[in-house]
Amino acid sequence: MHLNHSISIFTGNLPPSKALFLRLENAFLLCNTYEIIEVISQKENIETELRGWAKLRGHIYLGRERLKQQYSYKIQKIKKDSFLQKASWGKKMQGIDIGNPKLKDLNLSDEILSIAPQNNGLLTRGIVVEENSPIYDFELSHKEQVWSNPVSILYEEGKSLQWNATTDIAWNEIPDLNPVLERAICQIMTYLVENEFSALYIPAKFISKINPYYMEVPLFLSSLMNDEARHIEVFTKRANANGGGFQYSSGVTQRSLFSLFKEDDYIKSSFLLHVMGEGTFVDLLSFLEKYMPDEATKKIIRLAKRDEMRHVAYGIEHVKSAIEQNPNRINALKNTAFKRKEFMDEINGESSILLEALAILAAGSDEPNAYKRGFDLLEELKEKMNENRVKRLVNIGIDEDLANDISKAHTPNFM
Amino acid sequence: MTKPIIVGSVAYDPKIVTIWDIIRDYFNEKGVRLDYILFSNYEAQIEYLLSGKIDIAWNTNVAWVRTYELSNHKAQALVMRDTDIDFKSVFISKTKSGIKSIQDLKGKKFGLGSADSAQAAILPLKYLQNELGESIKDVEIIRYNSDLGKHGDTGRSEFDVLEDIKNDKLDAGAIGISTWVRILEESLFSDGEIESFYTSEGYCHCNFTALDSLDKSIKKRFVEVLLSQDPNDPIIKKMMQMEGLNRWVLTTKEELKGYDVLTEAMKEQDLIKNNW
């Protein structure tokens, strides 16, 4: 018998055992169809076991040859290949040498496909998947549905700008405030917590639908969720920091957040949440930072705003690239904004509880004249929010007239 | 609507339902109506096949031999698993027992599995007789008739034999090759604690059996559709892994020879009649 083999496995004195079969299993898994594998063993007679194993696995046992000190057993693979590609080897990523390997420096594949391979399961680009692995059917498997160009950079930024809601805030420096003002702040914090829950839960709804072939996106969204969790924590702590506590949730706020939460299309949701909602939220946070009476609370707002701006940047790039790929999407986005407005219009009004609290904060008191001034500042804020929304809408590729219409249709809840 | 092809199968494990649902769906998708009936033992299934209540039976080798003999050779083996061909029995003992051949079994306790299991009892007994002749009386044979009616499908009696080799109640015993590889793969014994000292000649295991009276076109269709199953289709792959095969193969004259030794053994051991 003379049969060419390309792979030899040296098994020394290993008896037929789990350890031996494991090595065989993997050698056959990774070799090509019709390849012959030689098992070199000191064991004189393990033919029964090797033959039996080969039979069960659908391979062919070819026979045994005596070598000098040991025995050569040969088995041929006749099954189809289990892996259609070979895994990479000898690749070293940039930035390792200087101890600074960034996500953007990963070169997992030559290109990022516009549709993820159908067999891409819970794994990402560059991992060689075994044939017949389960098909997950991720709903979001197109690049244009999820990708945002700076996502790797934003992810790194998100990590380097992490902060700690326990130790980074000078909690003990929050002064005792006038109860009217403190109550307004507690009301605002209550509202912020509600909104941050929407920003935490909505991406959570989508992460498991995003094809992990586009690994950077779920990673970024996880960091975003971590940000939102921290915001919920810090606003909750602030509401409870000074003898107040949570206040009231208005039906309008919940209705608005509900209309955001129930959106099932990822691009539409990203548009409503990051571009429209968090974008407007950033303006609100600027307003809060400006009028917050103490430094510690100002810092809370400032740090949260910094995170939110990153989320808005992701959303803008995401929706912008989705529109670039398919300009017809503008209509769908317009419709979703208008549909949300219709839903909100079923009940009238704004959150009176929140608006009064904001006016009192801006005024620093509930004295009638001051309150009126605060209320005027709030109207200015709304105008500012509208202007900035229009800018963002133009930025993602919507013409100005339509941008004005869409912006005006935005929910009075800000988010 | 034409009557479906009714296939019988013995439900020796809950996974049988999953396996047969996959096969049934596959046939139905190919436009061939097929349904299955589960039996709790092979004797009942043989009875149903012989009396025409089912069209095709998924038979063990023992059930095949019985059907063939009891039908006066008016039965056909259609298709089998690749793993059914060249099946073997192995005799095993603890490495330290010093048993190196069948001759060494004299004066020892030897375990056989269920009386209706070809691999664990019927054939091993024949091989012992062939090798030892009269002096087989010097071997103390202990039978483990667990799970009768399943013809060794569950492997329970083989595991009973193994258990008693492990705790030194037996010196040696007989099991099928697939059980042997499986226990080695699953490390049920410490490495090298147990070894095989005899491997039988190859014989054949299960097959799909039909009577000659079944319409030829039905047999043909059944065989064609079964053979068309692609082991690379994920759902088929899953079914094949559960059923323990890599591909379906035709049963030809060559494979039928693999039943000769069993037929002989069953006749010698008076196992042809079907007591249900």
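Q: How many aromatic pairs are there over all chains?
A: The count comes to 27 aromatic pairs over all chains, where rings of Phe, Tyr and Trp (its six-membered ring) pair if their centres lie within 6.5 Å. This is a predicted model, in which local features need pLDDT of at least 70 and side-chain atom pairs count only at pLDDT 80 or more, while totals for chains, interfaces and linings use all residues. Residues are numbered from 1 along each chain as its sequence is written, chains are lettered from A and ligands numbered from 1 in the order in which they are written, and side-chain values use heavy atoms, with hydrogens and water left out.

Q: Why is the pair of B:Phe91 and B:Phe197 called edge-to-face?
A: Planes under 30 degrees apart count as stacked, over 60 as edge-to-face and the rest as tilted. The planes of B:Phe91 and B:Phe197 stand at 65 degrees, with the ring centres 6.2 Å apart, so the pair is edge-to-face.

Q: What makes this pair of B:Phe91 and B:Phe197 a tie between parts that are apart in sequence?
A: B:Phe91 lies in strand β6 (residues 89-94) of chain B and B:Phe197 in strand β10 (residues 194-199) of chain B, so the pair ties together parts that are 106 residues apart in sequence. Strands here are DSSP runs (E, at least two residues), as helices are (H or I, at least four), numbered from the N terminus.

Q: Is B:Phe197 buried or exposed, and how do you know?
A: Buried means under 20% relative accessible area, exposed over 50%, and partly exposed in between (1.4 Å probe, protein chains only). B:Phe197 has 12% relative accessibility and therefore counts as buried. B:Phe91, at 0%, is buried as well.

Q: What makes the pair of B:Phe91 and B:Tyr198 tilted?
A: The angle between the planes of B:Phe91 and B:Tyr198 is 40 degrees, with 4.7 Å centre to centre, and the pair is tilted.

Q: How do you know that a charge sits over the ring of A:Tyr213?
A: The rule asks for NZ of Lys or CZ of Arg within 6 Å of the ring centre and within 35 degrees of the ring normal. The charged end of A:Arg125 is 5.8 Å from the centre of the A:Tyr213 ring and sits over that ring. A:Lys262 lies over the face of A:Phe343, at 4.4 Å from the ring centre.
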